[in-house]
Structures are given as C-alpha cells and as structure tokens.
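Have a look at the model below, then follow the notes one stop at a time.

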Amino acid sequence: MKKTNLLLAGLFACGMASAQKIQPYGALPSQAQVAWNDMEYYMFIHFGPNTFTNKEWGHGDEDPKVFNPTRLDARQWARTAKEAGMKGIVITAKHHDGFCLWPSKYSTHTVRESAWKNGKGDVLAELSAACKEYGLKFGVYLSPWDRNHPEYGTATYNQVFANTLEEVLSGYGPVFEQWFDGANGGNVKQPYDWDLFHKVVYKHQPNAVIFSDVGPGCRWVGNENGIAGTTNWSTLNVKGFSPGAGGPPTKSLNEGNEDGEKWIPAECDVSIRPGWFYSPDTDDKVKSVNTLLDIYYGSVGRNGNLILNVPIDREGLIHPNDSTRLMELRRVLDATFKNNLAKNAVVTATDTRKDNPEVKVSHLTDGTNATYWATPDNVTKTTVKLTFKQPVTFNRVVLQEYIALGQRVSAFSVEILDKGVKKEIARETTIGHKRILRLPDYTTTEVYINILDAKAAPVISEVQLYEAPGMLATPEIRRAKDGKVTITAASADPEIHYTTDGATPTLRSPLYTPKTVISLPQGGEVKARAFLRKTNAASPEVKAIFDVAPAKWKVVAPATADAAKAIDGNPATVWASDKKTTQYPHQLEVDLGETLTLKGFTYTPTTNEHISGVIYGYAFYTSADGKSWGQPAAAGSFANIKNNPVQQTINFAPVKARFIRLVATAPATEKDNQASVAELGIITK
C-alpha cells in the first residue's frame with residue numbers, strides 16, 4: 001500500500017512538473033544562433049584590389065600586384081572593433097573579382113601574386129590571430145561568383161569553390177559566420193551547388209552561422225541601409241527560394257514571416273561610408289553619429305544584428321575618420337545604456353506561471369537574458385508593472401524575449417501613469433531577441449508593459465528603462481509638391497521651433513510637431529532651430545526660401561511616367577533620360593498650369609552615385625502657349641557642377657510664360673549619354 005501511494009505521489013509530482021514546463025513554440029534557434037544573436041553588433045571589412053582601383057565590383061582582370069598595403073595592421077582593425085564595442089569581424093576573404101586574401105592553392109589571383117610582402121603575406125592568418133588576441137569572433141565572406149577563375153561557369157567549378165571553402169574553414173581557427181551572397185553575374189552563369197557548400201561549412205565549422213537570402217543561419221534584411229522592419233520575425237519561409245535572384249520578397253526579408261518554416265533571423269548590413277570598399281573620395285562622407293544611431297536602433301533595436309562595414313584604406317589601416325566616428329558612437333551608446341532605471345523598480349505582473357522555479361518576476365530586471373518570466377499556458381495577454389518610490393525620467397525602453405523557446409509576442413504597448421491616469425506612449429508589434437523604443441522624455445512613478453497578443457504564453461527575459469542623453473541635430477526643411485512644409489532632424493531628442501516671418505526661432509517660437517501644418521504653395525521663408533531644454537543647447541539656424549510650388553505642374557515631354565520625378569518636390573527622386581537615346585541634347589518640357597512672371601530657374605542635380613546624367617551645358621526656354629518658344633531665356637553652363645553637385649540658380653530678364661523647357665546641351669561627365677534632373681524649379685520673386 002505504501003509503495004502504491006509513493007508511486008502515485010511520484011506520478012502526480014511528475015505530472016505537475018510537466019504541466020508547468022514551458023513548451024517551445026514554432027521554429028527554434030540553435031545554440032549557435034542564440035549565441036550569434038547575443039553578439040548584436042560586429043564589423044564587416046571589405047578589402048582587396050578594389051581598395052586600390054577605386055571600384056566597388058572588380059572585373060577580375062586587375063593585376064594582382066595592385067594589392068600592396070604599405071602598413072597593413074590587422075591588430076589595429078581588431079583593436080578598433082574591440083574599442084567600438086563590437087563582438088567580431090567578418091572579412092571579404094574573396095569578393096566577386098576572385099582575389100583571395102590568402103595564398104590559395106586553387107587560384108592564381110591571390111596575395112601570393114601581389115606586391116604585398118613580396119607575395120609572402122596572408123591577411124586571413126593575421127586577422128584571425130588579431131581577433132583571438134582581442135577576444136573577437138572571426139568570420140569570412142567568400143563570394144561564389146568568381147570573375148577571374150577560368151573554371152567559373154563550367155561543371156567543375158562548384159568543386160573548386162568547395163575546395164576553396166574547405167581551405168579557409170579548416171585553416172584559420174573557429175569561424176562564427178560564413179557570409180554568402182547569391183551574386184551570379186557577368187556573361188557567364190554558374191548553377192551553384194548550395195548543398196555541397198553548406199556541407200563543407202558544417203564539416204569544418206559546425207557552429208558557424210551561414211548568411212544568405214535564405215540562411216540557413218541568418219538572412220539578409222532586404223536592403224543595404226542596415227534597417228529592419230518595425231515588425232521583424234526571426235522566422236522565414238524558405239521553400240522554393242534560393243540565395244540571390246531567387247530569394248524571398250523584400251518584405252519577407254525585411255520583416256520575416258510570422259510562423260515561418262525556419263528560424264532565420266535578420267542581419268542588417270550597411271557601410272559607414274557611401275561605398276563598401278575604401279575610396280579617398282569618401283573620406284569626408286563618413287556617416288554621422290546621428291545616422292549611425294538611427295541604424296543601430298533600426299537593427300539591434302528591431303530584433304536584428306548589425307554588421308557595420310568599415311573599409312580598410314590603401315595603407316592597410318582603418319582610416320582615422322572612420323575610427324573616430326566609431327568611438328563617438330560607442331560613447332553615446334555607453335552613456336545611453338549605462339543605468340538601467342528598472343532595477344530600482346518594484347516589479348509585478350498580472351499573471352505569472354506557478355510551480356516552475358525557473359520563472360520569476362525578478363528575472364525581468366536582473367540584467368541577463370539567460371533568465372526569464374512567463375505566464376501560464378492559457379494566458380497570452382498580460383501586464384508587467386514597474387513601480388518607483390520617486391518619479392523617474394526615461395526615454396528608452398528595452399524588451400527581450402527568451403528566444404530559445406521561440407518568438408511569441410506579436411503586439412505590445414507601453415503606458416505610464418500621468419497625473420493619476422494611464423497614458424499610452426507606445427504601441428508596437430514584435431519583440432524577439434531585443435526591441436528598443438526611442439521615446440521623448442517621460443517622467444512617472446509607474447510604467448506598464450502590456451502584452452496585447454502572443455502566439456503562445458509570453459516568455460520575457462528583460463524589461464529595461466534608460467534615460468539617454470539628448471542628441472542635438474540641425475533641422476532639415478523640405479517642401480512637398482503641394483506646398484506643405486516638413487521639418488525633420490536626424491535626432492528625435494530636441495524640440496524644433498520655427499518661424500515664417502523672418503524672425504530668428506527661439507523657444508518661444510511655434511513648436512513643430514508631426515501634426516503641424518505649414519503650407520506655402522505660393523512660396524515663402526521658413527527658419528528653424530533645434531533646442532535641448534535640459535542643457536539649453538541650440539542648433540544653428542537653418543533657412544529655406546521657397547518659390548511657387550509645383551502643385552499645378554505637369555510634364556509635357558518626355559511622355560514617361562518617371563518624368564514627373566523632376567517636379568515632385570523631392571530631390572531624392574530623379575528623372576533620367578532614356579538610355580536608348582544615345583546622344584545629347586535631351587529636354588524636359590513642363591506646363592506650369594498658369595501664367596506666371598518668371599525671373600529665373602533652378603536645377604538640382606542628382607547626388608545618387610548609381611544615377612548618371614548630371615547636366616553641365618543648358619538652354620532654358622519659355623513659352624506662353626507651348627508652341628512658340630523663340631530664343632532661350634538663358635543659356636550657358638553650370639560651373640563646377642561635377643565636383644559640387646548642388647542646386648544651381650540661374651536668373652534672367654522677367655518674362656510671362658506658362659510653359660518652360662530645359663534643354664541639356666552637354667553632360668558634366670564626358671561620354672555620359674543620359675541627362676537627369678532631381679528637381680526643376682522656377683524663380684518668380
């Protein structure tokens with residue numbers, strides 16, 4: 001009888017334990033993927049012959065002797081990454097040009113044939129050793145596209161590439177990430193044997209996370225801006241897709257797929273400069289701290305990992321401009337996330353799973369994502385409350401799910417107690433590994449994290465609050481086609497105040513918010529300044545003077561859909577002439593929709609390096625009826641526009657007209673056949 005009772009008691013206890021155990025939900029990460037997500041932020045390095053030829057994609061026909069960095073120091077790269085707060089480095093061991101940064105026995109286009117160290121050098125060996133010294137993880141990019149190798153495009157090439165992979169992955173120590181892209185260009189197409197390539201990776205580096213459009217370790221985020229979707233699932237549907245041109249839709253790459261087939265989280269790639277390889281032309285174009293912060297919050301802060309490219313210069317070093325900016329970013333991030341205010345709160349929850357010693361409310365603020373709190377199985381809506389004895393001011397909220405058990409939360413909100421009443425300050429969708437909300441300053445004694453919907457019982461590892469220091473940024477003033485003016489700043493921290501009467505903006509001037517309406521269809525002047533109240537800091541004054549808005553305008557010729565981009569009030573969109581029209585002149589004709597007295601015109605050239613056609617020579621015509629044009633109102637050239645592509649202003653004697661025609665008579669770049677216009681404007685005042 002006693003034995004029977006003991007047996008029943010044991011079975012009952014096991015049943016209770018089983019009932020309280022958290023069951024995994026959906027596709028799950030491997031241990032390697034969990035460790036990869038915890039890295040969050042690491043360095044990408046593009047380096048090779050392109051560094052010396054000023055190209056982004058080499059053709060594979062460059063003389064390998066062009067690769068000759070005179071002061072190459074991989075320890076400087078690793079030291080810079082470490083001091084920047086990065087956790088690893090991924091290097092372009094072989095880019096599309098086929099040049100190998102190690103003396104590969106499967107290629108004759110390598111450092112062995114270069115002038116560097118008389119052909120005795122090995123970049124991978126030096127970087128691997130440097131990463132080990134500085135406690136960083138080491139990763140490699142090997143492009144399967146090879147514009148140099150004679151066997152590319154043949155039946156034997158896949159094995160050649162597999163051998164190349166094996167050479168790298170077996171010779172330089174642990175590799176945390178193997179970076180593949182699906183580039184397959186040029187005149188020769190190569191059917192890639194991805195199964196073979198993956199087998200080689202896992203044979204030699206079983207813990208490596210493989211990157212591509214479809215993983216299987218992590219996925220491309222769908223852009224090279226470093227920004228994930230505001231909704232971002234770590235799961236992805238992969239059946240029927242392949243790396244490169246056969247990849248999933250951009251939306252799926254950017255946001256993942258809810259209940260996707262496989263756990264393939266997003267990696268956000270972006271360069272600190274306009275290009276991926278070093279160019280002296282971009283030494284003054286390193287991204288600002290505010291821009292890098294936007295990228296950080298748009299990647300790490302949206303359930304992605306950030307791989308930030310920092311190109312190596314021609315000496316073989318990280319350029320001072322790049323390293324300086326990295327350290328500036330590190331200081332801001334350190335100051336932002338230095339003091340977790342939530343640690344001082346009394347934390348409670350409306351629903352907590354019982355009889356499971358691993359589940360505790362206190363785990364939410366213990367500073368580690370290795371512990372967690374969870375609700376019972378049947379509860380997918382719940383609230384975590386943080387109560388403070390004294391009011392606290394915060395502007396950042398950090399939330400983390402315990403992703404080893406799956407990604408669950410699909411909607412949440414944040415509320416505060418404001419004058420005795422709950423006030424919602426944020427409403428978002430996914431959390432995942434980490435979600436960071438950038439908010440204005442809020443002061444309160446109570447903060448509520450409301451899980452509004454989840455795929456299964458929420459399992460949350462961290463709730464954190466911070467007060468980030470204010471970042472001052474100079475406002476930018478833009479006007480849309482309909483005449484409505486918007487004012488933005490790279491940082492959301494300052495207040496923006498503006499005037500339209502010519503006065504200098506002060507804190508007493510009107511406050512600009514996203515709901516502010518400033519309409520200037522007939523033109524006018526707007527001045528703006530940004531202010532930080534806490535420090536009394538103020539940005540320089542910015543001013544924009546507008547003429548008649550193009551609300552009534554229509555392009556008469558050319559009769560193409562994209563021609564309207566030249567008069568849409570947005571300099572980021574560009575009209576370019578048809579490539580099939582192989583010679584100058586080109587022209588753009590516009591109906592202004594009304595007769596105006598014209599005193600000149602403005603031409604804004606494109607600054608997009610991927611769009612050609614900047615105009616040098618011009619003739620500007622006017623017409624009352626669109627039929628009789630006569631002599632040009634102005635003709636000449638835009639001096640130095642190639643080196644200084646800014647808005648050009650041309651004045652002429654007043655003339656009444658309803659139609660205008662810009663004729664491009666010569667390109668700014670010799671042998672350029674296209675003409676392009678970012679914005680065409682008129683002067684009436």
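A residue is called buried when its relative accessible area is under 20%, exposed when over 50%, and partly exposed in between (1.4 Å probe, protein chains only). This is a predicted model, in which local features need pLDDT of at least 70 and side-chain atom pairs count only at pLDDT 80 or more, while totals for chains, interfaces and linings use all residues. Residues are numbered from 1 along each chain as its sequence is written, and side-chain values use heavy atoms, leaving out hydrogens and water.

**Helix H6**

- Helices (H or I, at least four residues) and strands (E, at least two) are DSSP runs, numbered from the N terminus.
- Of the 13 residues in H6, 11 are buried; among them are Tyr157, Phe161 and Leu169.
- These buried residues pack against strands S2, S3 and S4 and helices H5 and H7, where contact means heavy atoms within 4.5 Å.

**Lys338**

- Look for Lys338 in the loop between helix H10 and strand S11.
- Lys338 counts as exposed because its relative accessibility is 72%.
- The C-alpha atoms of Lys338 and Glu467 are 9.0 Å apart, although 129 residues separate the two along the chain.

**Glu415**

- Glu415 sits in strand S14, residues 409-418.
- Glu415 is buried but has no salt bridge (a side-chain nitrogen of Lys or Arg within 4 Å of a carboxyl oxygen of Asp or Glu).
- Lys422, the nearest side chain of opposite charge to Glu415, is 4.3 Å away; Lys and Arg count as positive and Asp and Glu as negative, with His and the chain ends not counted.
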